[in-house]
Amino acid sequence: NFTRYMSITIRHLKPNTTYEVDIDGLYMDGSIYKGSINITALDLNGMLMFTNHTGKTHSISVQWIYQGEPTVEYFTITIDSLSVIYTFSRTCQCAVISFLTPNQQYTVHLEAHFSGGTLLRHISVTTAMQSPAPTNLREHGEKHMTYLLVAWTAPEPIGTLLNYRVDTHPSNGNTPIYRTVPSTAIGNLNCSTAYDITVAAETTLGTGHSITMQFATSSCPPLSTTNIASIVASSLAGVAVIGGLVVLFAVAQSRCKRKKLENCRIQISAQSSSAHLVSSTSTDSQESPDGSTSLITA
């Protein structure tokens, strides 16, 4: 034995009218069940109505009011051409429907669900147009290695301007930048790198069209022989092992400092060895005929 619950909705009934609903059931053994129930259609006209609606560029917000009896169990919101159903508790009498197309008319269907039936209301709402894109996006000032200075011409906004949103691609970990004036600095960038900069106006009605331009940071500084020698001479001393190769480093600064040479070349000698690491603080240097300094190791 089992019990199966089924339900149907009967629409377009006359309010304040009692109807007798006959139910016939056919069992698997061929027997027939007959039953009836009396249902009174409620008069709910005027108890549910929209009180406010707003169409933004990509969303619609609606508010409504329900007063009287019976108590609403829940509301559902549907919108034409979309299969999504928005369901709310009985305490919520507002809704925001997002991800819509700008400047398009939608029909919003509001349905109040009761224990004895439903009540349906409709309203047409048009989403807002997008603000035009900014124009004349350009570099503003001199080029730099790690940041960009950009400016643009402000569009005529649709709605009240809140700010401009500036996005960088690749982002380098940067989050969007929001500015109330048509210019900004974009930091945390790499030298000698091209970036796509996108700017759009954000208003009280939503985000407008965007403009994208590519700008590049200035070139990275070249590593001169003097810089390399200075880095090696000041930071490397001792022995390092790379893949079984013992590389001997020594600081050969004495001649550079004594002769004040602008270009100091350091010759590093290496030999293959399986010996243990040995670090020496004393090394001798010998001047080569070409003026460079060679390392002499024991």
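**Cysteines, cores and a surface patch**

Guide: Cysteine 94 has a relative accessibility of 36%, so it counts as partly exposed. Please keep in mind throughout that this is a predicted model.

Visitor: OK, and how many disulfides does the structure hold?

Guide: There is 1 disulfide in the structure, and it joins cysteine 191 to cysteine 220, with an S to S distance of 1.8 Å.

Visitor: Where in the chain do cysteine 191 and cysteine 220 sit?

Guide: The two lie 29 residues apart and link distant parts of the chain: cysteine 191 is in the loop between β14 (183-186) and β15 (194-203), while cysteine 220 is in the loop between β16 (206-216) and α1 (225-235).

Visitor: Is that link right-handed or left-handed?

Guide: The link of cysteine 191 and cysteine 220 is right-handed, with 90 degrees about the S-S bond.

Visitor: And how exposed are they, cysteine 191 and cysteine 220?

Guide: Cysteine 191 has a relative accessible area of 23%, so it is partly exposed, and cysteine 220, at 35%, is partly exposed as well.

Visitor: Switching topic: which residues touch the most other members in the largest nonpolar core?

Guide: That core has 22 residues, and those touching the most other members are Leu48, Ile60, Trp64, Phe75, Ile77 and Val108. Two or more residues come from each of β3 (48-55), β4 (60-66), β5 (74-79), β7 (94-97), β8 (105-114) and β9 (117-126), and β8 gives the most, with 5 residues.

Visitor: What is valine 108 in contact with, sequence neighbours aside?

Guide: Leaving out neighbours within four places in sequence, valine 108 is in contact with Phe50, Ile60, Ile77, Thr78, Ile79, Ile97, Arg121, His122, Ile123 and Val125. Apart from this core lies another, of 15 residues, including Tyr164, Val166, Ile186 and Phe215.

Visitor: Then which residues form the nonpolar patch on the surface?

Guide: The patch is formed by Ile23, Tyr27, Tyr33, Ile37 and Ile39, which together have about 470 Å² of accessible area. Strand β2 (residues 32-41) gives the most to the patch, with 3 residues.

Visitor: Where is tyrosine 27 found, and how exposed is tyrosine 27?

Guide: Tyrosine 27 is in the loop between β1 (17-26) and β2, and because its relative accessible area is 47%, tyrosine 27 is partly exposed.

Key: Residues numbered from 1 in each chain as written. Predicted model: local features only at pLDDT ≥ 70, side-chain atom pairs only at ≥ 80, totals over all residues. Heavy atoms only, no water. Disulfide = S-S within 2.5 Å. Helix = DSSP H or I, 4+ residues; strand = E, 2+ residues; numbered from the N terminus. Buried < 20%, exposed > 50% of the residue type's maximum accessible area, 1.4 Å probe, protein only. Core = buried A, V, L, I, M, F, W, Y, C linked by side-chain atoms within 4.5 Å. Contact = heavy atoms within 4.5 Å. Patch = residues over 30% accessible without salt bridge, like charges linked within 9 Å, V, L, I, M, F, W, Y side chains within 5 Å. Areas by Shrake-Rupley, 256 points an atom, 1.4 Å probe, with all protein chains shown as cover. Salt bridge = Lys/Arg side-chain N within 4 Å of Asp/Glu carboxyl O.
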